[in-house]
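Open the model in your viewer and keep the selection panel at hand. The tour goes from the interface to single residues.

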Protein chains: 2
Amino acid sequence: MSHNELDALRKQVEELNLQLLEVINKRGELVQEIGKLKEAQGVNRYDPVRERKMLDLITEHNDGPFETSTLQHLFKEIFKAGLELQKDDHRKALLV
Amino acid sequence: MSHNELDALRKQVEELNLQLLEVINKRGELVQEIGKLKEAQGVNRYDPVRERKMLDLITEHNDGPFETSTLQHLFKEIFKAGLELQKDDHRKALLV
């Protein structure tokens, strides 16, 4: 019976993984659009002040169980991936 | 006008950040429950086969724009954070 319980919890984790995948990719699309806009405006892509604000918002809204430091680490990795996506788009644009 | 466009996109990114925060924390709660169940059953917390399966599911469902390698990196960080949460719970349980 508790094996079924474990299976049920794992199934829920998998659903959350797929939700995360969807939201991370949706975020990637938005970040690509932002990159194109900034490119057109000749603005630098990386904006540490903006990144700080986003991390502060995470901190304010964190109800756990994860520590804020852990979440900040995860979000920094997500931000970095977004920035890489913008850089790739930029390189591809240069190659056209 | 395109400054408003940038603001609108940033607002959407912030909403997605908060969604990610919520799902990551919800995932953390489930992982804590799984940790307690496994502890009660005397099973090891870290399960590489299970982790592989979760990564495969991500790969199958990835529609981009992120590369699968990037997503696997992000998810590995999320898995690691979950495992740390279970370890913390275990340490706290030992201290009681």
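**Stop 1: the interface**

Select chain A and chain B together. Across their interface the rule finds four salt bridges, a salt bridge being a side-chain nitrogen of Lys or Arg within 4 Å of a carboxyl oxygen of Asp or Glu. This is a predicted model, in which local features need pLDDT of at least 70 and side-chain atom pairs count only at pLDDT 80 or more, while totals for chains, interfaces and linings use all residues. Residues are numbered from 1 along each chain as its sequence is written, chains are lettered from A and ligands numbered from 1 in the order in which they are written, and side-chain values use heavy atoms, with hydrogens and water left out.

The interface also holds 16 residue pairs in polar contact, both residues at pLDDT 80 or more. A polar contact is a pair of N or O atoms within 3.5 Å; within protein, one must be able to donate a hydrogen and the other to accept it, and residues adjacent in sequence count only if both atoms are side-chain atoms.

Now color chain B by element. Helices α1 (2-41), α2 (48-61) and α3 (68-95) of chain B each give two or more residues to the side that touches chain A. Helices here are DSSP runs (H or I, at least four residues), numbered from the N terminus. The most comes from α1(B), with 29 residues. By class, that side of chain B has 24 nonpolar, 15 polar and twelve charged residues. Ala, Val, Leu, Ile, Met, Phe, Trp, Tyr, Cys and Pro count as nonpolar, Asp, Glu, Lys and Arg as charged, and the others, Gly among them, as polar.

How much area is buried between chain B and chain A? About 5,200 Å², with carbon and sulfur atoms giving 74%. Buried area is the accessible area (1.4 Å probe) that two parts lose on being put together, summed over both. Highlight Arg10(B), Leu20(B) and Phe66(B): in chain B they lose the most area to chain A, together 12% of what that side buries.

**Stop 2: a bridge between chains**

Over all chains, the salt bridge count comes to twelve. Glu14(A) sits in helix α1 (residues 2-41) of chain A and Arg50(B) in helix α2 of chain B, so this pair joins two chains. Zoom in on their side chains, which meet in a salt bridge at 3.0 Å, N to O. Buried or exposed, Glu14(A) and Arg50(B)? Both are buried, that is, under 20% relative accessible area, where exposed is over 50% and partly exposed lies in between (1.4 Å probe, protein chains only).

**Stop 3**

Select Glu77(A) and Lys80(A). Their closest N and O atoms are 3.4 Å apart in a salt bridge. Both lie in α3 (residues 68-95) of chain A, three residues apart, about one turn of the helix. Glu77(A) is buried at 13% relative accessible area, whereas Lys80(A) is partly exposed at 48%.

Go to chain B for Lys87(B) and Glu84(B), a salt bridge of 3.7 Å, N to O. This pair is also three residues apart, in α3 of chain B. Lys87(B) is partly exposed at 31%, and so is Glu84(B) at 38%.

**Stop 4: Phe79(B)**

Finish in helix α3 of chain B, at Phe79(B). Phe79(B) is buried, with 7% relative accessible area. Beyond its neighbours within four places in sequence, Phe79(B) is in contact (heavy atoms within 4.5 Å) with Asn17(A), Arg27(B), Glu51(B), Met54(B) and Leu55(B).
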